[in-house]
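Dear colleague,

Please find below the sequence and structure that I am passing on to you. My notes on the structure follow.

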Amino acid sequence: MPPDVRFDLLPQTAEARDFAFEVKRAALGPHIVVRWGWDEEFQRDFHEQRFRDTPLSRIVHKGQAAGTIALTALADYVRLDEFYLLPTHQRQGLGTRILTHCAAVADARGLPLRLRYLKWNPVGSLYRRHGFAAIDETEIHFIMQRQPGGAYPLC
């Protein structure tokens, strides 16, 4: 992990849940609104379930909260979930540095790194530049995977 970045596991508290929700609203909200609008009750209920089921960490960059992430090692791949950066931390190379770290974690296990994202979210170009290729899709998501040892830029 780059020395100025760390992941702090979020506790199952209302404060941590609310922090993660606000990060998701800021980072992903504009892409949700384009397709469905923003249904606050639905989004909170959906987030509540994901928060209970997915161990999220706060991304801390230079001592400031920068976003949230969940990285889960499964039997046959490593899954990158809930990777959201606050807008003030986007387009500065931080996402690339974190993605590079996640790829290195998967490589160390000899496993592919897998993720999914909304089809209309422009983040897909970042993933393609880092060796991810589409392996499946749903009505709303592309599922992408990067093979172990695939090309990615060094930090």
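I begin with a loop residue, Lys62, which lies between β2 and β3. Please bear in mind that the model is predicted. Lys62 is exposed, with a relative accessible area of 61%, and its phi is near 50 degrees, a positive value in a residue other than glycine. For context, most residues other than glycine have a negative phi.

Glu82 also has a positive phi, of about 50 degrees, although it is not a glycine. This residue is found in strand β4. Is Glu82 buried or exposed? Because its relative accessibility is 13%, under the 20% limit, Glu82 counts as buried. Its side chain makes a polar contact with the side chain of Arg50, at 2.7 Å. Leaving out residues up to four places away in sequence, Glu82 touches Arg50, Thr54, Leu56, Thr68, Ile69 and Ala70.

Where does α1 bend? The bend is at Leu28 and amounts to about 60 degrees, with a proline, Pro30, following within four residues. Buried residues of α1 include Ala16, Phe19, Ala20, Phe21, Val23, Lys24 and Leu28. The buried residues of this helix pack against α2 (40-53), β2 (57-61), β3, β4 and β5.

Among the buried residues of α3 are Leu94, Gly95, Ile98, Leu99, His101 and Cys102.

The largest nonpolar core has 22 residues, and Ile59, Leu80, Phe83, Ile98, Leu113 and Tyr127 touch the most other members. Two or more residues each come from β3 (64-73), β4 (78-85), α3 (94-109), β5 (113-118) and α4 (124-129). Of these, α3 gives the most, with 6 residues. Ile98 is in contact with Val5, Phe7, Ile59, Ile69, Phe83 and Leu85, leaving aside its neighbours within four places in sequence. There is also a second, separate core of 14 residues, which includes Ala20, Ile32, Phe51 and Leu86.

Finally, I turn to the aromatic rings. How many aromatic pairs are there? The count comes to 6. Phe21 is buried, with a relative accessible area of 1%, while Trp38 counts as partly exposed at 25% relative accessibility. Elsewhere, ring pairs link Tyr117, Tyr127, Phe132 and Phe142 into a cluster. Tyr127 was also named above among the residues that touch the most other members of the largest nonpolar core.

With kind regards

Technical notes
Residues numbered from 1 in each chain as written. Predicted model: local features only at pLDDT ≥ 70, side-chain atom pairs only at ≥ 80, totals over all residues. Heavy atoms only, no water. Core = buried A, V, L, I, M, F, W, Y, C linked by side-chain atoms within 4.5 Å. Buried < 20%, exposed > 50% of the residue type's maximum accessible area, 1.4 Å probe, protein only. Contact = heavy atoms within 4.5 Å. Bend = angle between axes of the 7 residues up to and from the residue. Polar contact = N/O pair within 3.5 Å; in protein donor to acceptor, adjacent residues only side chain to side chain. Phe/Tyr/Trp six-rings, centres within 6.5 Å; stacked < 30°, edge-to-face > 60°.
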